[in-house]
Each structure stands twice: as C-alpha cells, then as structure tokens.
Amino acid sequence: MEKTAIIPDDMQTYHDDWKMSPGLACGDFVFLTGFTGADPSGHMASDPEAQMRNAFGKVERVLAEAGLDFSAVVEMTSYHVGLREHLQLFKDIRSEFVRPPYPAWTAIEVSGFVHEDAIVEIRVIACRTK
C-alpha cells in the first residue's frame, strides 16, 4: 500500500530535522503525529488555552493539507500534564473543532514532553471516506 507524507509548508522542519511526517496518508487513512502547543516559531506559551489552540491549529493545518477537516477525524488521543486541572478547558476547546459523529477519544496523563513547558499533545487518525 502506498504511503504519502503530508507536510504543510510551515512544518517542513518536522520532516527534515525530526525525520517524521506531520501526517502520513496510507489507504483511506491519514495518521497525524502528535502536536504540542508551540507556536510556529517554537515558542511555548505559558497560557494553557493558547497551547491547546496552537495544538489544534497544527492538527487542522495537516488535515487541510490532506484535503480534510475535523469531520474526517475518527480517533483522537490527547496527552496531558495536569489533566485534571485542564480537562474542562480542553473539552471546551475540543468541542469547537470536532463534529458528529464524534471521534473516539482517549485522554492520558503524562509526566512531561520534550519541551518542558508543554502541557498537551494531540494525536489523531482521520479517514478520507465517509
């Protein structure tokens, strides 16, 4: 089965520096790498809402590059530092993006990420067919 990298222009460094694809299309599915809330310059805001919105924005850009939107998402896994403190905020922001039928979702508490100030990472799987 053919695999195709999905790389928005502003995410070329993921491919070049980290040797990973922001998204990888394989058959009817598009698998996205996990995205934290750093802005395009790599700065991590101290505000949880800004981080969450940045992470969802990255997911949205990869989906758009693949010709999709959030209605194509079938599975989401979110990783959190301080899950209980930020869960309601995350749910509120998430509800602005996901569409019925809602994707499967798992939220996992973690002890940290590569960037020490990150509090969230979002990973999704999307399907090209309805």
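User: Where does His80 sit, and why is His80 called buried?
Analyst: In this predicted model, His80 belongs to strand 5. Its relative accessibility is 1%, and buried means under 20%, so His80 counts as buried.

User: What makes up the surroundings of His80?
Analyst: Leaving out residues up to four places away in sequence, His80 touches Phe90, Ala107, Ile108, Glu109, Val110, Phe113, Ile119 and Val120. Glu109 in strand 6 stands opposite His80, and so does Val120 in strand 7.

User: How do you know that strand 5 really pairs with strand 6 and strand 7?
Analyst: Count the bridges. Pairing takes at least two bridges. Strand 5 (residues 73–80) has 6 bridges to strand 6 (residues 104–109), running parallel, and 7 bridges to strand 7 (residues 120–127), in the antiparallel sense. Both counts meet the cut-off, so both pairings stand.

User: What makes strand 5 "mostly covered"?
Analyst: 6 of its 8 residues are buried.

User: Which unit do strand 5 and strand 6 make with helix 3?
Analyst: Together with helix 3 (residues 83–95), they make a right-handed β-α-β unit.

User: Why is Thr106 called partly exposed?
Analyst: Thr106, in strand 6, has a relative accessible area of 40%. Buried needs under 20% and exposed needs over 50%, so Thr106 lands in between and is partly exposed.

User: How do you know that Thr106 has contacts beyond its sequence neighbours?
Analyst: Setting aside neighbours within four places in sequence, Thr106 is in contact with Met76, Thr77 and Ser78. Thr106 and Glu75 are 31 residues apart in sequence, with 8.4 Å from C-alpha to C-alpha.

Definitions and conventions. Residues numbered from 1 in each chain as written. Predicted model: local features only at pLDDT ≥ 70, side-chain atom pairs only at ≥ 80, totals over all residues. Heavy atoms only, no water. Buried < 20%, exposed > 50% of the residue type's maximum accessible area, 1.4 Å probe, protein only. Helix = DSSP H or I, 4+ residues; strand = E, 2+ residues; numbered from the N terminus. Right-handed = clockwise from strand over helix to strand, strands pointing away. Contact = heavy atoms within 4.5 Å.
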